[in-house]
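Please read the points below beside the sequence and the model. They take up a sheet and then a helix.

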Amino acid sequence: MDFMQEAANEALLAMGNCSPNPPVGAIIVSKDNKIIGRGHTQRFKHNHAEIEAINSCNEDLKESTLFTTLEPCNLTLNTPPCTDQIIKSKIKHVVIGSKDINPKINGAGINELIKANIKTEMSKINKTINYSLEAYNHYVKTKTPFLTLKMAMSLDGKIATNSGNSKWISGKESRKLVHEYRSNSDGILTGINTVLEDNPILNVRLKNNKKGYQPKKIIIDTKGKIPLESNCLDSNCIIITSEMSEKTKNELIAKSVLIEKVPLNKSGRVDLTYLNGILLKHNLTNILIECGSTLSSELLRLKLIHKILMFISPKIIGGSEYVPFSNIESDKMTDIVNLKNIEHTKIGEDILIKGWF
């Protein structure tokens, strides 16, 4: 059994619930190679993965090995140092999936373990671990959230029919994968036009979903036009607006919806330069964007998108005006946006293209 992959799978269970802490998974293995403990990072200010794994054990840990996806912390912030508890537990061997790039840790946790005569080593590169830590690493480096745009388009580059109908461009397998991406995100961001046209629920609907929480729903609604019967409105919803009547505001508050008011930009829309600050205010560092061309164009123009997931379906829609990024103008090839580190995968009949900005 690949014990580090088991730890990586635990880290996925932490995604969407622990920001701004990193989503970490941990496995404890006995001397006869049996898993005797497992855990993942809990919500902010609660236990880290290593502590959860240690607490789950009912056996002596003296000859055991700890597999953890991220270097254990060695300092007291909102919780005690994980290295202290690892040392106290008499764990013999620690295998680490990735060094913590937080400058306050960054090797110091490893040094603490080595000083305590615990055999400590790094594992080989693991794609699941890299994915789970992507938003955290971005946040540590930039102090800004990591935003991923998801879109689905036809073979001829359309995101809806001429009447605005987009259900469903992508296939069942792609839609299931999108729900997995949702479940790993702190929040789902969309615009008022998507709410008015599709009335989405904006939640995770997976069979056998192991997560007991849902991502936040963040709606960009410049003029406070959201209908009060919208499916997305509940205590898990945040509306970012610039102009909203007191009547609408009070009715939304009665539904436990959070409202964040920001100024208008020069175009008369919500000034999205305030977006990062609002997301961080609510401890949201890993965001999935699901929206149309107007909002996606503005986010791209402001360089707020860091990754794109483009599902391309083998369908031809024809003469529709609905295309991705229709508000981005590029007169010359030197003006275009180039993606980096391109990956492509077949998902059912669709093709998923991943790219980074």
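1. Strands here are DSSP runs of E with at least two residues, and helices are runs of H or I with at least four, both numbered from the N terminus; two strands pair if DSSP finds at least two bridges between them. The model is predicted, so local features need pLDDT of at least 70 and side-chain atom pairs count only at pLDDT 80 or more, while totals for chains, interfaces and linings use all residues. Residues are numbered from 1 along each chain as its sequence is written, and side-chain values use heavy atoms, with hydrogens and water left out.

2. An open sheet of mixed pairing is built from five strands, in the order β2-β1-β3-β4-β5. Because β2 (35-40) and β5 (119-122) stand at the edges with a single partner strand each, one side of each is left without a neighbour in the sheet.

3. β4 (residues 93-96) pairs with β5 in the parallel sense, over four bridges, and the bridge partner of isoleucine 96 is methionine 122 in β5.

4. Turning to helix α5 (residues 127-142), its 16 residues should span 22 Å at 1.5 Å a residue, which agrees with end C-alpha atoms that are 22 Å apart; the expected span is 1.5 Å times one less than the number of residues.

5. Just after α5, lysine 143 takes a positive phi of about 60°.
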